[in-house]
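Hello,

I am handing over the structure we talked about, and I would be glad if you could look through it slowly before reading my notes. Please keep it open beside you while you read.

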Amino acid sequence: MKSVLGDRRAIAILLGPALLVYTLVMLVPVVWSFGYTFVKGNPLEGFRFSGIDNFARLFVDPDIRDALFFTIKYAVVMTAGQVIIGYGLALLYIFVLRRSSVLIRTLVFFPVVVPTVAIALLFQKLFQSAPRDGVVNELLVNVGLGSVDWLGQADTAFLVIVVMDIWRSVGFYAVLLFAGLIDIPEDIIESARIDGARHWSLFRHIIVPLSLPILFSSIIFSINGTIKVFDSVLALTGGQPGNSTTPLTLYMYRTAFAFSDYGYGSTIALLLTIMCLLVTIVIFRSARRDITN
Amino acid sequence: MTALLTDSTVAQPTVVAPPPLRRSRGPLHYVKRAPVALVVVLLLVIEIYPLFWMFMNSLKSSQEFISSPSWWLPAEWHWENYAVAWEAGNLATTVRNSMLATVPSLLLIVLLGVAAGFALEVMVWKGRNAVLLTVLAGIMVPGQMILLPLFTIYYNIHLTGTLWPLIITYVGHGLPLTIFMMATYFRAIPREIFEASTIDGASIIRSFFSIGFPMVRNAVVTVALVQFFLIWNDLLFAITFANRKELNTVQAGLLSFSGEYGQLDYGPLFAAICITMGGILALYLFLNQRIMQGLAAGAVKG
């Protein structure tokens, strides 16, 4: 019967088109983009070979240092926020609200599917300070604090980006972790209760260890997503004030299209890709070690 | 499903005892529940108030934004803001463009992805693991890495000025995750089913379409939902490959609308955001459970 499932013609027909598209749209451009890292210029004005200049520039460019720092700071803060708050919500759903959590779950999840641009424009207005205060500043003024120029300063702009992206995505992580928690067998929790485990000890010794795999998945997924942050920053702050909220993705985009430098743009893209690969490998490694211990 | 079943079977024996116990707790019980209620109310306010605030502001006249605080309700409901947003925001065009880009992309992704998942998981051949790994690596590649070469290619084969660059890119970029998810679903189906069907004289291609595809129908819906949101909400490819006004998708159009219009008159801008969210909300009202399960499944597998 092997011959039927090994039918080469059938495999070619089923796999061929997908593989062709994948090769043309992903594999070839990745290699091509790698080739761009050794040149300077753009398709309209032509390219000239520049050796490893682009890579050397990575080490001396102050803008790349800022962009890298912003990306890492954002990824770390966001991953911690998404996973911790998401985990808190998941615990709330499953141990406190129980069956009645469906409505809250559905509601908190809604912003996940809403286009980022729409949410970013909404938050721009919520945190607006000029020409008129948005609702956040109105609240601050009413309780006696002054209004803040949220998007005009680097620190507060970063805060608004984080608040918005947590608001936008935490429902997703809550559902993800909820799905993991619900798989913990009820009898394990029940027998731990009978053995005297209460609240904190039950949480610390039973629930956390049993939800470690799903926590690791969430962290990987979160870092991989937040390292590529683009839409929310572009639509909310546009990288401003100055370059203070410009992540690598946006800096790459500007380099390629505003400054027409495909070579350096591709070098930044390569840096980003390597970061994604490294993060995934490192986390997979440490996750495996934890489980074998 | 299994979780729910074990849950209820375990809980059942104890159900008999608790009711009197709970009643005897009386007022203390409600005091204990108060923090929970507070958390839930806070959560509701954080989730709903911004949306409510946006909707109220979409009905205000430009005068009202100057004369009264933004949290006030509108004095009169200016529904014409929606007409202005629809016209000035070019929404008829951008919605059409988004649909013209999304629907063909989804059909192609599903067709190619399910077939490839079948070939990589059910069919037996040398080197399929290597191919599967190569495809999976694509899940991690950020859009920026393929952006510039694709832009050059589309420019050189004169596709710029159409929506084809978007469709082609979405299909290629969406395939890795789709193939991976489909391969996982096919893994759960015993190979003997397909072998048995070919004994009856059907070719393997035919048994893929008549047996394989229908068996993973639910998975196909999940995959399609995941890809729909990824494509519909995409901004990077949309502003790169379709940056002319007549090619703008909903997201790109909304961004440029806020740039040129949002500084003057907030009502129509809020209305445009409301329209954009409204369409998604309608879909979400019908399919929310499926969407939540689907997106979570896509993440765990990715």
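**Where two helices meet**

In chain A, the residues A:Ile188, A:Ile189, A:Ala192 and A:Arg193 of helix 9 meet A:Leu202, A:Ile206 and A:Leu210 of helix 10, where contact means heavy atoms within 4.5 Å, and helices are DSSP runs (H or I, at least four residues; strands are E, at least two) numbered from the N terminus. By class, this contact between helix 9 and helix 10 of chain A has six nonpolar, no polar and one charged residues, with Ala, Val, Leu, Ile, Met, Phe, Trp, Tyr, Cys and Pro counted as nonpolar, Asp, Glu, Lys and Arg as charged, and the others, Gly among them, as polar.

Please bear in mind that this is a predicted model, in which local features need pLDDT of at least 70 and side-chain atom pairs count only at pLDDT 80 or more, while totals for chains, interfaces and linings use all residues. Residues are numbered from 1 along each chain as its sequence is written, chains are lettered from A and ligands numbered from 1 in the order in which they are written, and side-chain values use heavy atoms, with hydrogens and water left out.

How are these two helices set against each other? Helix 9 (residues 186-194) and helix 10 (residues 199-210) of chain A pack at an angle of about 165°, with their axes 11 Å apart; the axes are lines fitted to C-alpha atoms over the stretch in contact, and angles run from 0 to 180 degrees between N-to-C directions. Helix 9 and helix 10 of chain A are therefore roughly antiparallel, a term used for angles over 145 degrees.

**One residue in a loop**

A:Asp7 is found in the loop between helix 1 (2-5) and helix 2 (8-36) of chain A, and A:Asp7 is partly exposed, with a relative accessible area of 31% (buried is under 20%, exposed over 50%, partly exposed in between, with a 1.4 Å probe and protein chains only). Leaving aside neighbours within four places in sequence, A:Asp7 is in contact with B:Met123 and B:Ile204.

**Annotated spans and chain B**

An unreviewed UniProt entry gives "domain: ABC transmembrane type-1" for residues 68-283 of chain A, an annotation that may be inferred rather than shown by experiment. Over residues 68-283, chain A is 76% helix and 0% strand.

Chain B has 14 helices and zero strands, and of its 302 residues 51% count as buried.

Best wishes

Methods
Parallel < 35°, antiparallel > 145°, perpendicular 65-115°, else oblique.
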